[in-house]
Amino acid sequence: PEVTESPLLQHLNDEQRAAVTLPNAHALILAGAGSGKTRVLTTRIAWLLSTGQIGPGNVMAVTFTNKAAKEMMTRLAAMLPVNVRGMWIGTFHGLCNRFLRAHYKLAGLPQGFQILDTQDQLSAVKRLMKQHNVDEERFPAKELQWFISGAKEEGLRPGAMEVRTEEDRRKVEIFQLYEEQCQREGVVDFAELMLRSYELLRDNDPIREHYRRRFHHILIDEFQDTNKLQYAWIKMFAGPGNSVFAVGDDDQSIYAFRGARVGNMADFVREFQVGHQIKLEQNYRSFSNILDSANALIAHNKTRLGKNLRTDQGPGEPVRIYEAPTDMAEAQWLVEEARQLAREGIPRHEIAILYRSNAQSRVIETGLFNAAVPYRVYGGLRFFERAEIKHALSYLRLLENPNDDTSFLRVVNFPARGIGARSVEQLQDAARASGSSLHDAVQATTGKAGANLAAFVAKIDAMRVETAGLTLREIIEVMLQRSGLIEHYRAERDGGDRIDNLEELVNAAESFVTQEGFGRDAVALPIDELGGTVLRQSPASQGLDPSLPEINEPAPDYVPPDAETGETLSPLAAFLTHAALESGDNQAQAGQDAVQLMTVHSAKGLEFDCVFVTGLEEGLFPSERSLADYDGLEEERRLMYVAITRARKRLYLSYSQTRLLHGQTRYNVRSRFFDELPEGALKWLTPKNQSFGGSAFGFGMGYPTSRGSSAGTSRASETFASPPVPAQKAEPAHGLRAGMKVFHAKFGEGTVLTLEGSGQDARAQINFPRHGQKWLALAVAKLTPVP
Ligand code: ATP
Ligand code: MG
């Protein structure tokens, strides 16, 4: 057949067509963002199939994310009548899993082997350490987990590890024991999926030959982000008759921190004697204001292979830049802007909100949630669903209700405190037999296990006493310390993010009390208002028209305030309700048109009509950690390049003067990246202030700057940026103060512990000796001072 006449080739430029129709030999397509690399890769598969050169079983294509793999299959299916689901298209882990399922016996695994996620892996390491009396002081479990995964990603087994010190010897010994335990239990961790596939291919000639004969073509997208083991794995498939087709962009290498080697591109060219290298220089994604911004920015990097990128599209709209006084104001602005875009007819899924770190998403989620804008968070759990947040909420729930068995089970041995699965089982049996909660059943336990359980219960009970009368923020801070959660994550390899999130929980509580009007929500109209928040969301999340009137029926779990006593939720209970409701299904449902939220890392390879890149502040983006070394800054700049180049039509860049992060207000300097963009392509929505950024170094992150804020922002600045005045300081109209004795018709005499809010929202925490501590709404509760 006249292969170059395929209709598939009509929508390609000359270079792209050349790449798609390359002969059966190794090739590297090195090209900038939006130049059609992924399109070329997909079209090449379709072209090879449609011209009858190969069948669907002769191709293996590797992508970086599940989303990208799905996208590729969808595009292929649209080009050809082929069963794409049977094809070997997927992520490295996905394909390795498939490979091991097919060859489980040769791989030495049970047919139904289970995959350990990072958390499971850690528990497994801990369990093992306990069994073998490994000193946790000397060998923190997290460090060992890191050691084990790191070794595997380098392709190393215990026997191949270098042992220089006694400590090395011990670590390798544990690595060995860990492997035996996983083998015994028939489980594999993520790194094991890769390594075991690699080893089977390496050591089993017939298997390797089989796959080499089978996969004539191996195609890899985002090649710049492959690590050492992945590259070695690819090499296993490449025999004399195969062709490896790698596409990538050195300017988009953003996973060096996880072991990705951009050097794999040079190694590939050398080791595979790559005869075909094609550059694509035409960008089809973005208007030139966007593209010029990307090009100007990345030109500041020194270590580049060097590529050009141009577009035939006109300048398009300018890149819009917005300076907000606070992160809340930034969120409000972008929610408003996103709604406006949706009103103008842009589908919501064509609007992406990007941020540097996951901890930034909460403020944005809250804004979207309150405005009933459907959204979807990618590449991460929703804030309240994250494991560390769930653990923290479990402790808080136990403070509220010691009999909450689910929370009890979740944290009884988290962080690890020597309470094994067997002890927990015995406790559960005892609780069942006596019909009591786990908390109460602890009393009857004996022995060492019993002592550990009793210590856990005593810890929770002590925390409850300690936190009585404290503000919500203080309660959470005490809990984070006393529970050991902070300490626990501090020792973990990637615990930094988790600690950030736990500190975000403090912020969430803080703004729940101050900004979202805890008083109004939880006291004046306790639960139906909270339910109302969710119901406002429901028309949108059910796929109904969000412009429909709100549903005003009470939530099913509506409990009216006790009219007689005025008893209402404690701030903690109200916050827990809020967290529980928010973590419900408020995320846009599958298939529903929703605004897309994700980190810049997870946006790699994707494109959207409108993109917001938020939080562009020194210390955040570029991140604080990256500023320490030059390579770090260049990687941040590549990340910024990735962010900018996601946009087709409209790009917004925003930053905030202050940001509540890690539990404190930071005063920010705008990102140096702004000074690396071409002024002519930009439009400042807020007046451009004196540059505090620039390429100068030495300005600290988060130090207070007294910058003259413009007239347009000063009002908002006062509203949001000034520290919230503690409610206790408000003029008390009710005449109560802490320490005062009062009388209540039902609860009798008590002592005022805390006062919060004012006017209709005023509430008091009162300790009644016979009834315990209660939160009462002063507008409802009849209290008389006792002289
Ligand atoms: P990234 O580096 O971000 O992964 P990429 O190089 O993989 O980008 P693609 O996603 O393949 O680029 O293509 C970018 C956009 O340009 C897509 O919408 C694609 O459909 C379009 N495109 C690519 N080539 C052409 C072409 N020849 N004519 C028209 N549109 C094209
Ligand atoms: Mg791509």
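The shell around ligand 1 comprises 4 nonpolar, 10 polar and 5 charged residues; Ala, Val, Leu, Ile, Met, Phe, Trp, Tyr, Cys and Pro count as nonpolar, Asp, Glu, Lys and Arg as charged, and the others, Gly among them, as polar. The model is a predicted one, in which local features need pLDDT of at least 70 and side-chain atom pairs count only at pLDDT 80 or more, while totals for chains, interfaces and linings use all residues. Residues are numbered from 1 along each chain as its sequence is written, and chains are lettered from A and ligands numbered from 1 in the order in which they are written.

**Overall architecture**

- The chain holds 27 helices and 21 strands, where helices (H or I, at least four residues) and strands (E, at least two) are DSSP runs numbered from the N terminus.
- Of the 787 residues in the chain, 43% are buried; a residue is buried if 20 or more other C-beta atoms lie within 10 Å of its own, exposed if 12 or fewer, and partly exposed in between, with C-beta atoms placed from the backbone.
- Among contacts in the chain with a separation of 6 or more, 74% join residues 24 or more positions apart; two residues are in contact if their C-beta atoms, placed from the backbone, lie within 7 Å.

**Surroundings of ligand 1**

- Ligand 1 is surrounded by 19 residues, of which the closest are Gly36, Lys37, Thr38, Arg39 and Tyr284; a residue is near a molecule if its C-beta atom, placed from the backbone, lies within 6 Å of it.
- Helix α2 (residues 37-50) supplies the largest share of this shell, with 3 residues.
- In the unreviewed UniProt entry, the annotation "binding site" covers Ala31, Gly32, Ala33, Gly34, Ser35, Gly36, Lys37 and Thr38; UniProt positions are given in the numbering used here, feature names are shortened, and annotations may be inferred rather than shown by experiment.
- Lys37 belongs to helix α2 and counts as buried because it has 26 C-beta neighbours inside 10 Å.
- When residues up to four places away in sequence are not counted, Lys37 touches Ile29, Ala31, Val247 and Leu280.
- Thr38 also lies in helix α2 and is buried, with 20 other C-beta atoms within 10 Å.
- Apart from its neighbours within four places in sequence, Thr38 contacts Asp221 and Gly605.

**Helix α6**

- Buried positions in α6 are Ala141, Leu144, Gln145, Phe147, Ile148 and Lys152.
- Viewed down the axis of α6, these buried residues fall within an arc of 160°, so they line one face of the helix; the arc is that of the directions from the helix axis to the C-beta atoms.
- An α-helix has 3.6 residues a turn, so residues three or four places apart point the same way.
- Gly155, with a positive phi near 85°, follows α6.

- The 14 residues of helix α17 (residues 421-434) should span 20 Å at 1.5 Å a residue, in agreement with the 20 Å between its end C-alpha atoms.
- α17 is hardly covered, as the count of buried residues among its 14 residues is 1.
- Gly435 follows α17 and has a positive phi near 65°.
- Pro415 is placed in the loop between α16 (405-411) and α17, and the peptide bond from Phe414 to Pro415 is cis, with omega near -5°.
- Phe414 and Ser123 are 291 residues apart in sequence and 9.8 Å apart in space, C-alpha to C-alpha.
- Ser123 lies in helix α5 (residues 118-131) and is partly exposed, with 16 other C-beta atoms within 10 Å.

**Further backbone features**

- A cis peptide bond, with omega near 10°, runs from Phe621 to Pro622; Pro622 lies in the loop between β13 (608-613) and α26 (630-644).
- Glu222 is a residue other than glycine with a positive phi, near 55°.
- The position of Glu222 is in the loop between β6 (217-220) and α10 (228-237), and Glu222 is buried, with 25 other C-beta atoms within 10 Å.
- Ala372, although not a glycine, has a positive phi of about 60°.
- Ala372 lies in the loop between α14 (361-370) and β11 (375-377) and is partly exposed, with 19 other C-beta atoms within 10 Å.

Notes. Expected span 1.5 Å × (residues − 1).
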